[in-house]
Amino acid sequence: MNSVHPIRAVILDLDGTLIDTAGEIVAAMNRMLEEFGLQVLEPRAIEALIGRGVRSLCERALAQVDGGALINVDRAVERFEAHYAQTVGTDSRLFPRAMAGLRRLAEAGMPLSVVTNKPRFFTEMLLKKADVHALMKAIVAGDDGIARKPAGDMLLAACEKMGTRPAETLMLGDSDNDVLAARAAGCPVWCVPYGYNEGREPETLNCDRLVADIDEAARLLTGAVPGA
């Protein structure tokens, strides 16, 4: 933490930081590929594509399979979203200690936001099913018409909604996308090691700090005694 700018609010990434959504995304992606008569991908290959939004997910998945280049990307996105709408929230779950950390931060009076490149419809559904929607002061999603991460615009929008300055607003994420967005917005950034990060090791992240989970971040931010 920067003592000159104490942290007063927290922005959380969704997929890979707050909620484990990989299984549902894998299922929807492979159903889309099968629908087009294409070979399915291994779960880890799809997991490594998560984080840049639905269109990028579909484009990069199609690029990895024979015949994928012949598929219209707009149609692929449409079909992926149709399949994902049937699976979203059915198998996803908060990462361990996420709820404890969110409650600790909320009880300390820190405004919370979610910033994600995922479309709003899916984002809202996931947050409601995880029972954390009401804890969020702001939600900034990938189809809100704001330049998406790794640009800093979404983080700045969240800061504006929370009434906080970027230098006093921590970005908590799991990927280079989150780190780059935080740097662009002027926010400090911590990362969790269990996320997706496009298949790269968490030690490669150029963040200010690695924390075990959201609750450890909350304890550090609120001055709670470890194990309390």
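A residue is called buried here when its relative accessible area is under 20%, and exposed when that area is over 50%. With that in mind, open the predicted model and select Tyr84, which is buried because its relative accessible area is 1%.

An α-helix has 3.6 residues a turn, so residues three or four places apart point the same way. Phe80 likewise counts as buried, at 1% relative accessibility. How are the two rings of Phe80 and Tyr84 arranged, stacked or edge-to-face? The pair is stacked, with 5.6 Å from centre to centre and 20° between the planes.

Next, select Phe121 and Phe122, whose ring centres are 5.4 Å apart and whose planes stand at 70°, so that this pair is edge-to-face. Colouring by accessibility separates these two residues, since Phe121 is exposed with a relative accessible area of 52%, whereas Phe122 is buried with 4%. Showing Phe80, Tyr84, Phe121 and Phe122 together displays one aromatic cluster, and the count of aromatic pairs comes to four.

Now widen the selection to the whole of H4, residues 73-87, a helix of 15 residues that reaches 21 Å from its first C-alpha to its last, close to the 21 Å expected at 1.5 Å a residue. Besides Phe80 and Tyr84, the buried residues of this helix include Ala76, Val77, Arg79, His83 and Thr87. If you display the surroundings of the buried residues of H4, you will find them packing against helix H1 (22-35), helix H3 (54-62) and helix H6 (120-129). At the N-terminal end of H4, select Asn72, which caps the helix through a side-chain oxygen lying 3.0 Å from the backbone nitrogen of Asp74. Past the other end, H4 is followed by Gly89, whose phi is positive, near 85°.

**The loop at Thr116**

Move on to Thr116, which is placed in the loop between strand S4 (112-115) and H6. Is Thr116 buried or exposed? Thr116 is buried, because its relative accessible area is 2%. Its side chain reaches the backbone nitrogen of Lys118 at 3.0 Å. Leaving aside residues up to four places away in sequence, Thr116 touches several others, among them Leu14, Asp15, Thr123, Val140 and Lys149. For a sense of scale, draw a C-alpha to C-alpha distance from Thr116 to Leu57, which gives 14 Å in space for residues that are 59 apart in sequence.

**Cysteines, and a charge over a ring**

Then select the cysteine sulfurs; a search of the whole structure finds zero disulfides. Cys159, for instance, is in no disulfide, and the nearest cysteine sulfur, that of Cys187, is 4.3 Å away. Cys159 counts as buried, at 2% relative accessibility.

For the last stop, select Trp190 together with Arg209, where the charged end of Arg209 sits over the ring of Trp190, 5.6 Å from its centre.

How values were computed:
Residues numbered from 1 in each chain as written. Predicted model: local features only at pLDDT ≥ 70, side-chain atom pairs only at ≥ 80, totals over all residues. Heavy atoms only, no water. Disulfide = S-S within 2.5 Å. Buried < 20%, exposed > 50% of the residue type's maximum accessible area, 1.4 Å probe, protein only. Helix = DSSP H or I, 4+ residues; strand = E, 2+ residues; numbered from the N terminus. Expected span 1.5 Å × (residues − 1). Contact = heavy atoms within 4.5 Å. Polar contact = N/O pair within 3.5 Å; in protein donor to acceptor, adjacent residues only side chain to side chain. Phe/Tyr/Trp six-rings, centres within 6.5 Å; stacked < 30°, edge-to-face > 60°. Lys NZ or Arg CZ within 6 Å of the ring centre and 35° of its normal.
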